[in-house]
Amino acid sequence: MECLGGESMANVEKQEKIEDERKIMKNKKKKLGGIKTMPFIFATEICDKFATTGFHANMITYLTQELNMPLVKASNTLTNFGGTASFTPLFGALMADSFAGRYWIIVAGSILYELGLINITISAIRPTLHPPPCPTKKNCKEASASQLWILYLSLILTSLGTGGIRPCVVTFAADQIDMTKSSVAARSWNFFNWYYFSMGMATLTALTFVVYIQENVGWGWGLGVPTIAMALSILAFLVGSPLYNRVKPGGSPFVRLAQVIVAAVKKRKEVVPADPALLYENKELDAAISLNGRLLHTNQFKWFDKAAVVTYSDAIDSKLPNLWRLATVHRVEELKSIVRMFPIWAAGILLIASSSHQHSFTIQQARTMDRHLSHSFQIPPATMSIFGTITMLIGLVLYERLFVPFARRFTGNPSGITYLQRMGVGFVVNILATLVASFVEIKRKAVAANHNLLDDPQAIIPISVFWLVPQFCLHGVVEVFMSVGHLEFLYDQSPESMRSTAAALYWVAISMGNYAGTLIVSLVHQYSGKNSNWLPDWNLNRGKLEYYYWLVSGIQVINLIYYVICSWLYTYKPLEEASEICKEKAEELAGDKIPSMILDSRNGHGEVELARNETA
C-alpha cells in the first residue's frame, strides 16, 4: 500500500505538472493571438483568393487567345491542374500537422504561389515567351514546347502554393482566437461566416477589376496585379509574425490512426471491459495533442476500444507504452471522430458533382440570350456569376444578423441551428436551384422555337439574360448554408491535432466532386443518343439540357436522403475542455482523490489493477 501510495503521489505530481504547463500555455495564448492578428492572416487568404480568381477566371481566354492553344487542349489543361490544386492541400495539411506547423507551411506555400505568378507574368510581358498574335484565328502558330513548359511550371508552382495556403490559413486564423464552445457561444459573430465573406469579397473584386484589366488593358497588367497583391500579402503575414500563437504540430496524424488500428487488430481477441474507466488513459502522453481538451469515450465503433485495453504484458512491459500495442482513449476517439465524419463529408462530393458543370452550361445559355443593358453595352456571359457572389455576401450578413438571433429564440442554440442542419438547408436549396435552371431552359427553347431559331446556334434569342439570375442567386444561398456549414463541421468535429488535414478534406471534396461531375456529363453525352443528344457539342438549342438538370436533381434527392440518415445517426465529438479538466482536477485534489489511470499499479496478487476516481 505504501508503494501504491507513493506511485499515486507521483501521479498527482505529474498531473499537477501537466496542469501547470497548460495554465502557462493558456496565459501565453492570452498574450499572443487574438483579433489583432486577423488583418495579417486574412490579408494572405484574401490575396490568395483574389490572385487565384484573377488568375483562373479568364485563363481559358489567355490560353486560347494569347498562346493559340486549341479549345479542348486548353480546357483539359486547366481541368487537370485545377484537380491537382484541389488535392495538394491534403499534402500541405499533413506536413503542417505532422512536423512543420501551419505558420511555415503558409509561408512556403505563399512563396511558391508568388513564384508561379511571377513566372507567368514575365511570359505574358516578353514577346519571345509566347507565340505571335493571331487575330483571325486561322492557321495560327501554337505555343512551342518551351513556351508551354513555362506555362506548366507556373501552374505547378501555383498548385503547390495552393496546397500550403488553403488548408492552413483558416485553421491558423482559428488558432488565434478561443474556439471553445463557451467562447463561441459568448461571441456575437461567427468566425467561419466572416472568413467566407472575406473570400467572397475577394472573388467579386477579381471578377470585376482583374478581368476588366485583362480584357481591356492587357495581360501584362492583368497577371501583374495578382502578382503584386500576393507579394503584399506575404509581407503583411510576415510583419504580423511576432503576434501569432503558433500551435506546435503533434506528430503525424496518420501514424497515430494507424497505431490505433494495429493495436486493435493485435488485441482482437481481448474482451472490452464494460466500464470505460478501465480503458487506458495517459494525460501526459496526450498533452501535446489535446491542448484545448481531451476526447471522452463514446460507445460507437466499440471494436476500436480494444486498442485501449490494458493487458498484463502492457503493464509490466515499461512505463512508456508501446503505442503500436496500446493506445489511449483520446487516440482511439480521434480515429472514431474521423470515421464518423467521413459519411457526412462524402455527401458534399455529390452536391459538388451535381452543380460542377451548371456554371459552364449557364454561360453557354447566356451567350444565346439578350445581354444588353443599353444599346451599346452587353453583359459578358462570365460576369453573370457575380449575382451568385453578391447573393452570398448579402446572405452571410443576413444570416449572421437576422437569422441566427431569430432561430436562437426557438432552438436555444447560440449558433441558431447546428452546422448539420445548416448543411441540410443547403442541400435542399441546391435541388431547388437545379429545378429552376431546368424551367428556365424550357422557357429559353420555347422562345427560340417561336422565332424559328432552334437551328441557329449563333442567333441571339429574344429573351432577357436576367432569366438566369434566380438560379445564380439560389446557388449563392447554397454557399451561405452548405459551404460555410461544411467547413465549420470539418473544423469543429475533427480532432484538434488534425484540423489542417480536415480543412484539406474540404478542398478534396470539391476536387472529387468536379471529377465526378465530369464523369456524369461524359456518360450523359455518350449514351443519350446521337440524334437527340441531351448535351450536344455545337447546338444547345437542339439539346435536352433540362433532362440533364432533372437527372441531376434526382441524384441530389437520393443524396439528400443519404445525408439525412447520416446526420440523424451522427454522434457529435465529446470533448472535455481544458477549463473543465482544471475544475475536475481541483475537485480531485480537494477531495484527496487518486488520479484516474495508473498503469503500473498492481494489487496484492500481482495482477493489473487500474485505479479509478475513488476516494482514498
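My entries on this chain follow.

**Entry: overall make-up**

I noted at the start that this is a predicted model. I counted secondary structure and found 19 helices and four strands. I then looked up burial: of the 616 residues in the chain, 52% are buried. The accessible surface came to about 28,700 Å². Carbon and sulfur atoms hold 65% of that area. I also checked contacts between residues at least 6 apart in sequence. Of these, 82% join residues at least 24 apart.

**Entry: salt bridges**

How many salt bridges does the structure hold? I got seven. I went through several of them in turn.

I took Arg 256 and Glu 334 to begin with; their closest N and O atoms are 3.1 Å apart. Are the two partners buried or exposed? I found Arg 256 buried, and Glu 334 as well.

Next I turned to helix H15, which covers residues 419-450. Here Arg 444 and Glu 441 form a salt bridge, at 2.9 Å from N to O. Why are they separated by about one helical turn? Because they are three residues apart in the helix. I looked up burial for both. Arg 444 has 0% relative accessibility, so it counts as buried. Glu 441 also counts as buried, because its relative accessibility is 0%.

I stayed with H15 for Lys 445, whose partner is Glu 546. The closest N and O atoms of this salt bridge are 3.1 Å apart. Glu 546 belongs to helix H18 (residues 545-569), and the pair links distant parts of the chain, 101 residues apart. Glu 546 has a relative accessible area of 7% and is buried. Lys 445 is buried too, at 12%.

I then looked for salt bridges with shared partners. Asp 305, Glu 333 and Lys 336 are joined into one network that way.

**Entry: strands**

I followed the side chains along strand E3 (residues 461-464) and saw them alternate. Ile 461 and Ile 463 point to one face and are buried.

Which strand pairs with E3? I found E2 (residues 369-370), running in the parallel sense, with two bridges between them. One partner I looked up was that of Asp 370, which is Ser 464 in E3.

**Entry: positive phi**

Most residues other than glycine have a negative phi. Phe 301 has a positive one, about 50 degrees, and is not a glycine. I placed Phe 301 in the loop between strand E1 (293-295) and helix H11 (312-317). With a relative accessible area of 35%, Phe 301 is partly exposed.

Asn 452 also came up, with a positive phi of about 55 degrees. I located Asn 452 in the loop between H15 and E3. Is Asn 452 buried or exposed? Its relative accessibility is 70%, so Asn 452 counts as exposed.

Conventions:
Residues numbered from 1 in each chain as written. Predicted model: local features only at pLDDT ≥ 70, side-chain atom pairs only at ≥ 80, totals over all residues. Heavy atoms only, no water. Salt bridge = Lys/Arg side-chain N within 4 Å of Asp/Glu carboxyl O. Buried < 20%, exposed > 50% of the residue type's maximum accessible area, 1.4 Å probe, protein only. Contact = heavy atoms within 4.5 Å. Areas by Shrake-Rupley, 256 points an atom, 1.4 Å probe, with all protein chains shown as cover. Pairing = 2+ DSSP bridges.
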